[in-house]
Amino acid sequence: MAGDRPEREIPSTVLAEVADLATPLGPIERLRTSLGFWRLIVLVVLAVAWEGYGRWIGNDLLFPTLGETLSALWDATVSGVLPMRILASLRILVAGYAIGLVAAALFTTIAMSSLVGRAALSTLTAMFNPLPAVALLPLALLWFGLGAPSLIFVIVHSVLWSVSLNAYAGFGAVNQTLRMVGWNLGIRGWRHVALILVPAAFPAILSGLKIGWAFAWRTLIAAELVFGVSSRSGGIGWFIYENRNQLDIASVFAGLLVVIAIGLLIEGLIFRLIERVTIQRWGVGI
């Protein structure tokens with residue numbers, strides 16, 4: 001017939017290649033395609049470069065070696081000073097971050113409910129989001145005194161606007177068809193928000209949570225470096241500041257290493273776990 005197409009034969013070599021692609025990867029291939037493996041390689045390269053440069057410069061007042069830094073880290077940990085500083089910082093961080101998230105949820109809810117709320121959120125974020133939180137610390141010290149409330153205040157400021165902005169953008173980007181599907185299924189009110197809007201907007205919300213966490217963490221360390229809380233209750237930033245005054249630079253680097261390690265831990269465990277049980281489970285991507 002005129003409409004018939006000629007048969008096409010697939011060579012056996014092509015079929016063999018397809019079969020090879022379908023074969024499960026071996027342990028070496030899986031390791032080579034693992035992001036975690038290559039991140040570990042990057043860390044090892046940085047550690048070797050750190051140790052090599054420290055030995056080459058030969059001045060522990062300028063740049064201690066990795067070995068000297070780890071030794072100072074061990075001594076501060078065994079003495080109990082560093083764990084106490086870490087707990088002090090984390091307590092303030094968790095309190096400020098939680099209050100900031102609650103405030104961001106309220107702001108976003110108001111913004112999604114009315115035109116006045118949207119105007120207020122867009123105006124306030126344009127005003128305060130570019131404002132460094134540390135710049136407010138002198139006022140916070142004047143209002144709340146020398147203590148944890150001042151640090152919590154600046155952390156809330158650093159978290160509130162970034163999380164609100166990302167959450168509002170995420171809710172606004174939800175497809176109208178998806179909203180209508182929920183309404184047609186009788187999903188309305190808070191169930192519509194929880195079952196339709198939040199899963200669809202969660203990639204943007206999670207991005208806001210990550211940005212808010214990063215802002216909160218570095219704001220806390222910077223505030224402790226500049227003002228601290230007191231010599232008895234200061235956190236990691238105060239630990240770095242104290243040892244800098246004492247010219248114990250290895251301990252300064254140890255404090256910086258702890259700041260980096262906590263950041264990697266939060267990013268690699270908590271936020272990855274949240275992403276795995278939400279975004280990957282719901283089938284949406286960032």
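Where does Leu247 lie? Leu247 sits in the loop between H11 and H12. This is a predicted model: local features need pLDDT of at least 70, side-chain atom pairs count only at pLDDT 80 or more, and totals for chains, interfaces and linings use all residues. Residues are numbered from 1 along each chain as its sequence is written, and side-chain values use heavy atoms, with hydrogens and water left out.

**Overall make-up**

- The protein has 13 helices and zero strands. Helices (H or I, at least four residues) and strands (E, at least two) are DSSP runs, numbered from the N terminus.
- From the N terminus on, the order of elements is α-α-α-α-α-α-α-α-α-α-α-α-α.
- Of the 286 residues, 35% count as buried. Buried means under 20% relative accessible area, exposed means over 50%, and partly exposed lies in between (1.4 Å probe, protein chains only).
- Among contacts with a separation of 6 or more, 67% come from residues 24 or more positions apart. Contact means heavy atoms within 4.5 Å.

- Helix H11 (residues 236-245) packs with helix H12 (residues 249-277) at an angle of about 160 degrees. Their axes are 8 Å apart. Axes are lines fitted to C-alpha atoms, for helices over the stretch in contact, and angles run from 0 to 180 degrees between N-to-C directions.
- H11 and H12 are therefore roughly antiparallel to each other. Angles under 35 degrees count as roughly parallel, over 145 as roughly antiparallel, 65 to 115 as roughly perpendicular and the rest as oblique.
- H11 passes H12 in a left-handed crossing. A crossing is left-handed if the near helix is turned anticlockwise from the far one by less than a right angle, and right-handed if clockwise.
- On the H11 side, the contact uses Ile236, Phe239, Ile240, Asn243 and Arg244. On the H12 side, it uses Ser251, Val252, Gly255, Leu256, Val258, Val259 and Ile262.
- The residues of this contact of H11 with H12 comprise eight nonpolar, three polar and one charged. Ala, Val, Leu, Ile, Met, Phe, Trp, Tyr, Cys and Pro count as nonpolar, Asp, Glu, Lys and Arg as charged, and the others, Gly among them, as polar.
- The buried residues of H11 are Ile236, Gly237, Trp238, Phe239, Ile240 and Asn243.
- Just after H11, Leu247 takes a positive phi of about 60 degrees, although Leu247 is not a glycine. Most residues other than glycine have a negative phi.
- Leu247 counts as exposed, at 55% relative accessibility.

**H6 against H8**

- The axes of helix H6 (residues 115-128) and H8 come within 10 Å and cross at roughly 135 degrees. That makes H6 oblique to H8.
- The crossing of H6 and H8 is left-handed.
- H6 contributes Arg118, Leu121, Leu124, Thr125 and Phe128. These meet His157, Trp161, Ser164, Leu165 and Tyr168 in H8.
- The residues of the contact of H6 with H8 are six nonpolar, three polar and one charged.

**Two residues of H8**

- Ser162 belongs to helix H8 (residues 148-172). Ser162 is buried, with a relative accessible area of 4%.
- Beyond its neighbours within four places in sequence, Ser162 is in contact with Asn129, Gly208, Ile211, Gly212 and Phe215.
- Asn166 is also placed in helix H8. Leaving aside neighbours within four places in sequence, Asn166 touches Ala204, Ser207, Gly208 and Ile211.
- Asn166 and Pro203 are 37 residues apart in sequence. Their C-alpha atoms are 9.4 Å apart in space.

**Met180 in H9**

- Met180 lies in helix H9 (residues 176-184). At 42% relative accessibility, Met180 counts as partly exposed.
- The C-alpha atoms of Met180 and Ile196 are separated by 9.9 Å. The two residues are 16 apart along the chain.

**Aromatic rings**

- The count comes to eleven aromatic pairs. Rings of Phe, Tyr and Trp (its six-membered ring) pair if their centres lie within 6.5 Å; planes under 30 degrees apart count as stacked, over 60 as edge-to-face and the rest as tilted.
- The rings of Phe144 and Phe153 have centres 5.4 Å apart and planes at 45 degrees, so the pair is tilted.
- Phe144 is partly exposed at 43% relative accessibility. Phe153 is partly exposed too, with a relative accessible area of 27%.
- Trp50, Tyr53, Trp56, Phe63 and Phe253 form one aromatic cluster.
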